[in-house]
Amino acid sequence: MHSLILVLWTLPTVLSTCVFPSDDAKPKGLEERAIDSEVVLAAYTRTVYKQRNSSSNSYSAEFLVFNIVKGEDRVVEIYQKRKPSSLETALNRRLVNVSNFGDPSKCESDVNPGETYILLLDVLANGELSARYDGAYGPAVVYTRDKETALEAIGKSSTVFY
């Protein structure tokens with residue numbers, strides 16, 4: 001009986017844990033995942049909007065974009081649909097909000113304030129940016145210049161802001 005209780009108690013934790021596929025599953029590489037994404041950004045996490053006591057694990061975050069690796073036309077379209085804040089104007093409209101982070105069953109699904117990521121995104125029907133999940137893999141890959149350089153081959157890179 002105690003074993004059954006232990007299994008039932010730990011099952012939700014096991015089911016919500018990120019598990020990378022086995023080597024035999026041949027997961028998509030970062031480049032292939034970027035090709036499948038509508039928008040790829042190199043961006044610094046400015047703010048994370050996790051709501052406490054929320055029934056959904058999903059949350060949004062605000063990023064300071066320093067390179068649009070892919071989908072510049074889509075990002076510009078999003079900016080044109082809304083009035084930028086005075087901060088965005090001062091930063092040359094480089095702030096974006098992205099929804100749908102935090103799926104506990106996916107790897108690389110969380111973002112943290114003060115960290116920089118390569119973001120793999122899609123554009124929702126309402127024109128907002130959304131985190132793109134691909135199998136077990138999430139939308140946020142810890143940034144390195146080497147990763148950014150490798151991804152620039154898949155789409156024309158916009159101006160880099162350093």
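This is a predicted model: local features need pLDDT of at least 70, side-chain atom pairs count only at pLDDT 80 or more; totals for chains, interfaces and linings use all residues.

1. Lys70 itself lies in strand 2, which covers residues 59-70.

2. Lys70 is buried and yet has no salt bridge. Asp36 is the nearest side chain of opposite charge, at 6.9 Å; a salt bridge would require a nitrogen-oxygen pair within 4 Å. Leaving aside neighbours within four places in sequence, the contacts of Lys70 are Ala34, Ile35, Asp36, Ser37, Glu38, Val39, Val40 and Ile154.

3. Lys28, Asp36 and Asp134 are linked in a network of salt bridges. Lys28 is partly exposed, with a relative accessible area of 31%, and Asp36 is likewise partly exposed, at 30%.

4. The count of salt bridges comes to 7. In one of them, Glu62 pairs with Arg46, the closest N and O atoms being 2.4 Å apart. This pair links distant parts of the chain, with Glu62 in strand 2 and Arg46 in strand 1, 16 residues apart. Glu62 is buried, with a relative accessible area of 11%, whereas Arg46 is partly exposed, at 36%.

5. A further salt bridge joins Asp122 and Arg132, whose closest N and O atoms are 3.3 Å apart. Here too the pair links distant parts of the chain: Asp122 belongs to strand 4, and Arg132 to the loop between strand 5 and strand 6, 10 residues apart. Asp122 counts as partly exposed at 22% relative accessibility, and Arg132 as buried at 18%. The two labels differ because buried means under 20% relative accessible area.

6. As to overall architecture, the protein has 5 helices and 6 strands. From the N terminus on, the elements run α-α-β-β-α-α-β-β-β-β-α. Of the 162 residues, 37% count as buried. Among contacts with a separation of 6 or more, 73% are between residues 24 or more positions apart. The protein exposes about 9600 Å², of which carbon and sulfur atoms supply 54%.

7. The largest nonpolar core has 23 residues, and those with the most contacts inside it are Leu41, Phe63, Val96, Phe101, Val111, Leu119 and Leu129. Two or more residues each are given to this core by strand 1 (39-49), strand 2, helix 3 (72-81), strand 3, strand 4 (116-123) and strand 5 (129-131). Strand 2 provides the largest share, 5 residues. Apart from this core lies another of 11 residues, including Leu30, Ala42, Phe66 and Ile118. Beyond four places in sequence, the contacts of Leu41 include Val65, Val75, Val96, Ile118, Leu119 and Leu129.

8. Ala140, in strand 6 (residues 140-142), is buried, with a relative accessible area of 3%. The C-alpha atoms of Ala140 and Leu120 are separated by 6.5 Å, although these residues are 20 apart along the chain.

9. Asn100 has a positive phi of about 80 degrees although it is not a glycine. Asn100 lies in strand 3 (residues 95-101) and is partly exposed, with a relative accessible area of 30%.

Terms used: Residues are numbered from 1 along each chain as its sequence is written. Side-chain values use heavy atoms; hydrogens and water are left out. Helices (H or I, at least four residues) and strands (E, at least two) are DSSP runs, numbered from the N terminus. Buried means under 20% relative accessible area, exposed over 50%, partly exposed in between (1.4 Å probe, protein chains only). Lys and Arg count as positive and Asp and Glu as negative; His and the chain ends are not counted. Contact means heavy atoms within 4.5 Å. Accessible areas come from the Shrake-Rupley method with a 1.4 Å probe; for residues, only the protein chains shown count as cover. A nonpolar core is a set of buried Ala, Val, Leu, Ile, Met, Phe, Trp, Tyr and Cys residues joined through side-chain atoms within 4.5 Å.
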